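Here is a short briefing to read with the model open beside you. Take a look at the structure first, then follow the points below.

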Amino acid sequence: MTRQLTGLAGRILTLTILLTIAAGGNVMAQQNDNSAAKNLSRQAVEMWAANSTIDRSIFADEYQNHQAPLATGGTGSVDLATWTDIVEANHKAFPDLKVEIFGQIAEGDRVSTHWRFFGTQKGAYLGVPATNRPVNWTGVQIDRIADGKIAESWVVWDYFTQRQELEPGN
């Protein structure tokens with residue numbers, strides 16, 4: 001009887017070790033998946049920096065960017081071509097724009113990125129002629145990842161601070 005219990009205890013211990021290793025492998029796989037998703041989101045946000053290029057290959061063909069607010073006012077969504085135009089216009093208006101990423105959180109198919117953009121308005125921007133003023137605004141972008149690409153983004157940013165910094169007399 002003692003021998004049987006010892007054998008059973010050994011098998012339980014072996015099974016426990018194997019299950020622990022397997023669970024650890026899944027945790028590692030999830031961490032790797034999250035790292036890849038965070039990297040995609042980081043790349044998308046960093047495309048706003050003036051010295052960057054736009055890499056459309058990280059976005060799904062049917063990509064949608066939901067903005068609250070839109071820079072032109074109101075809220076809405078834009079497709080990848082329109083988003084690209086907006087980013088390129090920002091490169092011209094803020095030729096020294098830099099991006100700082102404060103942090104990212106990933107869960108499931110979503111990545112949240114908290115960021116700050118800062119630079120100098122040296123070109124026209126949404127009807128405001130160049131002011132040569134510094135601008136500094138923050139926001140949060142939540143990206144949905146599907147099939148290894150960004151399929152959708154939701155962006156909430158500090159439109160009011162940016163506009164106030166561009167107002168004459170400030």
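Asp-85 sits in helix 2, and it is one of the residues of a negative surface patch. Please keep in mind that this is a predicted model.

**The negative patch**
- Together with Asp-85, the patch is formed by Asp-61, Glu-62, Asp-79 and Glu-88.
- Two elements, strand 1 (59–68) and helix 2 (80–93), each give two or more residues to this patch.

**Overall layout**
- You will find three helices and six strands in the chain.
- Following the sequence, their order reads α-β-β-α-β-β-β-β-α.
- Of the 170 residues in the chain, 36% are buried.
- Contacts across the sequence are well represented: among those between residues at least 6 apart, 59% join residues at least 24 apart.
- The chain has an accessible surface of about 9,900 Å², and carbon and sulfur atoms account for 57% of that area.

**Gln-121, a loop residue**
- Is Gln-121 buried or exposed? With a relative accessibility of 0%, Gln-121 counts as buried because the cut-off for that class is under 20%.
- Gln-121 is found in the loop that runs between strand 4 (110–120) and strand 5 (134–146).
- Setting aside neighbours within four places in sequence, Gln-121 is in contact with Ala-93, Phe-94, Val-128, Pro-129, Ala-130, Thr-131, Asn-132, Arg-133 and Leu-166.

**Salt bridges**
- Side chains of opposite charge can pair when their charged atoms come close.
- Arg-42 and Glu-46 form a salt bridge through their side chains, at 3.6 Å from N to O. Because they are four residues apart in helix 1 (residues 2–46), about one helical turn separates them. Arg-42 is partly exposed at 31% relative accessibility, and Glu-46 is partly exposed at 32%.
- Arg-116 and Glu-100 also meet in a salt bridge, with an N to O distance of 2.9 Å. Arg-116 lies in strand 4 and Glu-100 in strand 3 (residues 98–107), so this pair ties together parts 16 residues apart in sequence. Glu-100 counts as partly exposed, at 30% relative accessibility.
- Glu-152 and Arg-144 join their side chains in a salt bridge of 3.0 Å, N to O. Here Glu-152 is buried at 18% relative accessibility, whereas Arg-144 is partly exposed at 22%.

Technical notes: Residues are numbered from 1 along each chain as its sequence is written. This is a predicted model: local features need pLDDT of at least 70, side-chain atom pairs count only at pLDDT 80 or more; totals for chains, interfaces and linings use all residues. Side-chain values use heavy atoms; hydrogens and water are left out. Patches are made of residues with over 30% relative accessible area and no salt bridge: like charges are joined within 9 Å, nonpolar side chains (Val, Leu, Ile, Met, Phe, Trp, Tyr) within 5 Å. Accessible areas come from the Shrake-Rupley method with a 1.4 Å probe; for residues, only the protein chains shown count as cover. A salt bridge is a side-chain nitrogen of Lys or Arg within 4 Å of a carboxyl oxygen of Asp or Glu. Lys and Arg count as positive and Asp and Glu as negative; His and the chain ends are not counted. The place of a charge is taken as NZ of Lys, CZ of Arg, CG of Asp or CD of Glu. Buried means under 20% relative accessible area, exposed over 50%, partly exposed in between (1.4 Å probe, protein chains only). Contact means heavy atoms within 4.5 Å.
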